[in-house]
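Hi,

Here is the structure I promised to pass on. Have a look at it first, and my notes follow below.

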Amino acid sequence: MSVEKLDYTSRARRITFKYPLFTHLSIQINFWILAHISFVVIHYLILRSFMTTANFVMVDTLASGFLLAVILGLLFGISFGMIEYYLENRFFRRKSLGRVLILKAILSIIVSLVLFYIIRYVLFVQFIAPIVNLSKIKLNDESWRYIFYLFLIQTSFMNIIISFINQMNKKFGPGILLPLLLGKYRNPREEERIFMFMDLQSSTTIAESLGHIKYSAFIQESFMDINDVVPKFRAEIYQYVGDEIVISWTVSEGLRKSSCVAFYFACEAQFNKRAIEYTNEYGIVPKFKAGLHLGKVTAVEIGEIKRDIAYHGDTLNTAARIQSVCNDHGKYLLASKEIVDCANITEQYMVESMGEVLLKGKRNLVEIMSIEQC
């Protein structure tokens, strides 16, 4: 099977996973630069309109305004970006959405106040006033009060927009928002992808022993650990279905360094790393069984009230059916022979043929292989 060239989404994901802080800051900086440029343009057009009807002389130019927009964009982007990145990863992660929104709103106001006072008392006289030719104009407290109102309104509104962009990136994954806006998935398109269906082993027994509340917390924590592994192997989380999680890769990303196989064992290592915590809290360490397959699927944007990007095709059905026969063979990771041949993993892992199996809902036999660590 041919390995496709990296498209925009794959390149964006690769950069995001490899340089998460750099990617986050670049999005923030570019956004705030554009936000300030738009404000400068609006301000410039308003002043031009005054010039046409009154004896009004402009003291700044569009070019100087753009330079100021870049400077402020860097200041705002780095400030908001650094704070949000570290708090998101170390503090907000396990908080409720309502609490996160409140804390972010409070934090945004605090950061905005700090930035305003830095601009007023540190940057204005030395840098901003000379850039926009305001060195000879003295702004009194009342002028600064109105500037503060304008500053706070603009900053709050722009923070809402950047928060929306960040939430969209979290929902669809890095590199999806722009193609989505450009209508890439409005019509069905064929892609080659790898899918792994991971299902919690002995889920019914665990649910009965823990009770549904604690069981849900157990699933939530297990999925959180899987999420921690996802970026390293450039995987995409396609769906959560009960106690099952569906992982996907483009063929090029999934076969690169056998990432689609290594991912499963990395998840196992993550669970074992936290085995004491799981045992103390739940009395059991999560163990997942998984089915792996690759092939052509159709990708399309679906829904109106709730929109999502869906994949359709026999590839998903086959991967799901392969996972469903793990218990029959006493194995935790099964894959189709097709993906084992493409991944070329026989030197890295113990691979054993389970023979040709007639999977539920399929007419033809599928040869499946078990994969274990050496």
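This is a predicted model: local features need pLDDT of at least 70, side-chain atom pairs count only at pLDDT 80 or more; totals for chains, interfaces and linings use all residues.

Strands β7 (residues 349-357) and β8 are antiparallel partners, joined by 7 bridges; pairing here needs at least two DSSP bridges between the strands. Serine 353 has methionine 369 of β8 as its bridge partner. Strands (E, at least two residues) and helices (H or I, at least four) are DSSP runs numbered from the N terminus.

Numbering starts from 1 along each chain as its sequence is written, and side-chain values use heavy atoms, without hydrogens and water.

How do α8 and α11 meet? The axes of α8 (residues 212-229) and α11 (residues 275-282) come within 11 Å and cross at roughly 170° (lines fitted to C-alpha atoms over the stretch in contact, with angles from 0 to 180 degrees between N-to-C directions). That makes the two helices roughly antiparallel, a label for angles over 145 degrees. The contact (heavy atoms within 4.5 Å) involves Lys214, Ala217, Phe218, Glu221, Ser222 and Asp225 of α8, and Tyr278, Glu281 and Tyr282 of α11.

Finally, α12 (residues 314-324) has Thr315, Leu316, Thr318, Ala319, Ile322 and Gln323 buried, meaning under 20% relative accessible area with a 1.4 Å probe, protein chains only.

Best wishes

Key. Angles under 35 degrees count as roughly parallel, over 145 as roughly antiparallel, 65 to 115 as roughly perpendicular and the rest as oblique. Buried means under 20% relative accessible area, exposed over 50%, partly exposed in between (1.4 Å probe, protein chains only).
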